[in-house]
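Good morning, colleagues. Please look at the display before I continue.

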Amino acid sequence: MQTIINEQKKDLHCFHCGEECDDERINFEDKLFCCQGCKTVYQILEEGDLCDYYELEKMPGISFKNTTSKRFEYLDNETVKEQLLSFQDEEVGIVSFYLPQIHCSACLWLLENLFKINPSIKSSRVDFLKKEVRINFNLKEISLKELVELLTKIGYEPSINLDQLDKKSPKKLSRRLVYQIGLAGFAFGNIMLLSLPEYFGLDIQSSEQFSEWFNWINILIATPVAFYSGSDYFKSAWRSLAQKRLNIDVPIALGVIVLYARSVYEIVSKTGVGYLDSLCGLLFFLLLGRIFQEKIYHRLSFERDYRSYFPVSISKIENEVEISTPIQEIKKGDKIVVRNGELIPVDSILIKGKGNIDNSFATGESKPIAKQSGDKVYAGGRQIGEAITLEVIHALNQSKLTQLWEDYEYESEEFSNFSKITDNLSQYFTPIILLITLAASLIHFWLGHNNVFEIASAILIVACPCALALSAPFTFGHALRWLGKEECFVKSTQVIEELANINHIVFDKTGTLTYSDQEKIHYEGKKLNEEEIIAIWNLTNQSNHPLSRKIKESLGKSLAPLEIENFRELEGKGLEGTINNRLFRIGSAKWLKKDAKEFNSSEVYIEIASALVGHFSFESQFRKGLGTLIQDLSQHYRLSLLSGDNQSQEFILKEKFPEGSLILFNQAPQDKLNVISKLQSEKNKVMMVGDGLNDAGALKKANVGVSIAENINSFSPASDIILNANQFNFLPQLMKFSLSCKRIVIVSFIISFLYNIIGISFAVQGLLSPVFAAILMPVSSITVVSFVSLAVWIKAKTL
Amino acid sequence: MSVLIILLIVSLIVALGFLFAFLWSVRSGQYEDDYTPSVRMLFDNKPKTNKEIDNN
């Protein structure tokens with residue numbers, strides 16, 4: 001049934017994952033698969049009679065090419081199990097997994113039909129936007145580990161990390177808010193209905209009793225609205241007063257109190273019908289704004305710290321047996337095993353094996369460093385090559401990396417729901433309103449009118465800044481949504497405001513301006529003939545060193561095998577071997593180029609029969625369109641570059657960046673942080689664009705931190721904005737968009753002021769009728785909200 | 001006028017009925033995920049294949 005075809009044909013896509021099949025091709029039941037993994041999934045699904053998966057979407061599967069096999073032994077550990085399961089008793093276990101691979105309706109369908117593959121799974125439910133699946137399963141029949149292995153086998157490997165273990169319940173749209181808004185909406189509608197006779201001046205007043213009945217029912221309905229739905233505004237206003245600040249909630253809370261008090265007074269004293277409809281309408285619209293804001297947020301988690309990078313467990317050696325242990329339980333003196341591609345979780349000493357540590361994650365240095373037995377290795381490094389055994393010298397929370405991270409955690413800003421622009425405005429708004437109220441009351445008192453109380457309360461009611469409070473959240477909220485569609489994810493609405501104030505942009509180099517996975521290799525020196533190329537290919541083919549592998553790939557896919565004599569790989573130097581009686585040496589400048597003064601780790605020298613013939617140099621490749629991007633940005637912003645790498649590309653970079661830009665190399669994480677602080681102390685508003693953990697401090701310190709992520713759902717340091725790497729060229733538009741948004745907010749403020757002026761001009765004359773108030777308030781909110789929504793939409797379309 | 005009282009009471013009962021329906025819907029978690037159900041409802045229940053009918 002199964003044949004592997006090696007001929008090269010273009011435009012053939014895997015039936016499962018849709019990737020082009022270039023290296024390997026597997027035919028199975030007339031279907032084409034790109035690898036064994038994809039074929040296995042197909043077989044599993046076929047057995048479970050789940051082939052509808054392929055009918056719902058075209059080629060919906062997840063490719064297995066870039067996945068490394070992981071070990072899930074730690075899931076048998078009782079502590080881990082307990083932390084992961086959200087519910088368990090004798091039989092039933094309920095667990096939620098985050099599956100970043102979920103991307104289409106077929107995924108949803110398959111994951112909800114898991115029970116067909118394994119009947120021990122009782123039910124599974126997917127939350128598509130959060131990419132979560134909640135599985136209810138029989139603990140006795142299938143273990144957590146087996147469950148995860150099953151998911152992994154069909155291509156949905158759950159992402160489990162320490163971070164998730166700590167916080168059990170992710171943030172949900174608060175039910176309280178939904179109750180509040182539901183109640184306000186309910187009351188708004190019903191009070192309006194009961195007030196209809198009043199609105200149209202219908203004469204049911206003839207029977208005194210009825211109008212009284214209606215009014216009392218209104219009070220009954222409105223009371224919980226004022227005190228439950230409005231409670232957050234009272235609390236927030238109180239907090240802000242306690243800090244001697246006036247936020248936008250102060251006039252709102254004042255308005256709500258006055259509205260309620262005056263309405264109750266009027267009804268009890270039988271002097272009027274009150275403004276209870278306005279009160280409920282006001283709270284309903286305000287809460288709508290709040291719910292809109294909250295709904296936009298929690299799609300992506302931005303609060304990532306080192307824990308989200310680290311594995312949950314590590315193999316510990318105890319009595320010569322490997323035991324999978326949660327890394328919090330690793331103590332000083334323990335022996336641990338780290339395999340190829342695994343992250344070293346704690347500072348330790350190498351005791352067995354050849355270390356080849358890629359520190360790019362922690363320091364930004366892109367070349368792996370060789371370590372020998374007895375050397376110290378720090379947490380955050382990634383081992384490439386064989387498995388190594390380490391002896392732990394610091395527990396997790398005392399490791400260098402962890403401490404580094406914690407140093408960066410400066411005091412988090414005070415939590416605030418408000419946009420700064422609204423907040424600043426309300427500093428002036430509230431006193432002005434109070435002054436107008438006072439002046440109007442005094443004048444009326446002076447004139448001997450007896451309606452001073454009515455006038456004052458009417459002003460406070462109509463000045464209640466509902467539209468004002470809605471404009472910023474709606475503008476920035478819409479902006480956030482639009483940016484999300486461009487794969488630019490913004491943490492909060494405040495970030496967009498902050499973006500509009502930026503005047504200095506700082507870039508990291510590796511992984512930010514350059515592609516993180518593509519490196520250009522070029523050869524300089526004496527021209528190599530075909531025989532020599534084949535020889536070098538054969539030699540590098542013997543080695544697992546990443547540089548050897550890259551050279552090999554650059555020379556060709558599979559060249560003719562040659563016999564190598566006396567092959568040796570010399571730790572920290574390079575490799576040598578004799579082919580056709582000629583000694584080839586491939587290695588570092590230090591080893592082969594005796595007269596070299598500077599050693600550049602991104603160069604590999606070639607020596608043939610004791611004569612140096614040339615070298616390969618590795619250069620990270622700049623992202624496409626970088627030149628125009630920098631030109632665009634340099635028109636409005638000052639630019640800087642901070643690189644953790646060496647100076648090898650200084651010349652090219654100086655050419656790309658405008659003259660006078662700050663360009664620094666060999667910057668350690670702490671240096672980057674210091675540069676940002678210095679720029680800020682010179683009254684600059686700084687935006688940092690970076691990618692790795694080495695930028696984490698700078699990203700946090702900067703006014704706005706943008707992290708460039710190859711994969712949105714994993715591996716990016718805590719930041720304010722996460723930008724998909726292939727959308728890197730979107731940066732100038734992002735900056736432009738943020739400025740437009742700020743302008744839109746200002747215009748919407750002017751509109752809402754106009755409404756306020758109209759309302760107040762009626763109120764100071766004592767002409768504010770309940771019907772007028774009940775119309776003016778919703779109308780002003782609706783115009784402002786529709787204006788900002790439309791304006792943002794137009795801006796986004798013309799982006 | 002007594003008919004008005006009846007109407008009033010009926011309308012209030014209807015309104016409260018909706019209010020409780022709303023509270024129930026929040027409690028049962030219908031507002032927590034408002035996207036997935038829109039996709040889920042589009043899946044057809046596949047008619048049983050011959051094999052399954054035989055097994056039953």
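This is a predicted model: local features need pLDDT of at least 70, side-chain atom pairs count only at pLDDT 80 or more; totals for chains, interfaces and linings use all residues.

Is A:Cys466 buried or exposed? A:Cys466 is buried, with a relative accessible area of 4%; here buried means under 20% relative accessible area, exposed over 50%, and partly exposed in between, with a 1.4 Å probe and protein chains only.

Residues are numbered from 1 along each chain as its sequence is written, chains are lettered from A and ligands numbered from 1 in the order in which they are written, and side-chain values use heavy atoms, with hydrogens and water left out.

Let me stay with the cysteines. A disulfide is a covalent bond between the sulfur atoms of two cysteines, and the criterion applied is a pair of cysteine sulfur atoms within 2.5 Å. Over all chains, the search finds zero disulfides. A:Cys741 counts as buried, at 1% relative accessibility.

I turn to chain A as a whole. Its secondary structure comes to 27 helices and 29 strands; these are DSSP runs numbered from the N terminus, helices being H or I with at least four residues and strands E with at least two. Chain A has 799 residues, of which 53% count as buried. Its accessible surface is about 37,500 Å², with 54% belonging to carbon and sulfur atoms; such areas come from the Shrake-Rupley method with a 1.4 Å probe, and for residues only the protein chains shown count as cover. Taking contacts, meaning heavy atoms within 4.5 Å, between residues at least 6 apart in sequence, 67% join residues at least 24 apart.

In helix H15 (residues 452–462) of chain A, eight of the eleven residues are buried, among them A:Ile455, A:Leu460 and A:Val462. The buried residues of H15(A) pack against helices H11 (249–268), H14 (420–446), H26 (731–764) and H27 (770–797) of chain A. Helix H4 (residues 105–112) of chain A has eight of its eight residues buried, so it is largely enclosed by the rest of the structure. These include A:Trp109 and A:Glu112.

Helix H26 of chain A also contains A:Ile746, which is partly exposed at 40% relative accessibility. A:Ile746, A:Ile750, A:Leu754 and A:Ile757 form a nonpolar surface patch with about 380 Å² of accessible area together. Patches are made of residues with over 30% relative accessible area and no salt bridge; like charges are joined within 9 Å, and nonpolar side chains (Val, Leu, Ile, Met, Phe, Trp, Tyr) within 5 Å.

Next, charged pairs. Side chains of opposite charge can pair when their charged atoms come close. A salt bridge here is a side-chain nitrogen of Lys or Arg within 4 Å of a carboxyl oxygen of Asp or Glu, and the whole structure holds 14 of them over all chains.

One joins A:Asp232 and A:Arg176, at 3.0 Å from N to O. A:Asp232 lies in helix H10 (residues 231–242) of chain A and A:Arg176 in helix H8 (residues 175–199) of chain A, so the pair ties together parts that are 56 residues apart in sequence. A:Asp232 is buried at 17% relative accessible area, whereas A:Arg176 is partly exposed at 33%.

Another salt bridge pairs A:Asp508 with A:Lys672, at 2.9 Å from N to O. A:Asp508 is in strand S18 (residues 504–508) of chain A and A:Lys672 in helix H24 (residues 669–681) of chain A, 164 residues apart. Both A:Asp508 and A:Lys672 are buried. Salt bridges with shared partners also join A:Arg176, A:Asp232, A:Asp249 and A:Arg290 into one network.

Finally, the interface. The contact takes 25 residues from chain B and 28 residues from chain A. Together the two chains bury about 2,600 Å², 68% of it on carbon and sulfur atoms; buried area is the accessible area (1.4 Å probe) that two parts lose on being put together, summed over both. How many salt bridges cross the interface of chain B and chain A? The rule finds one. The side chains of A:Glu112 and B:Arg40 meet in a salt bridge at 2.7 Å, N to O, and A:Glu112 is one of the buried residues of H4(A).
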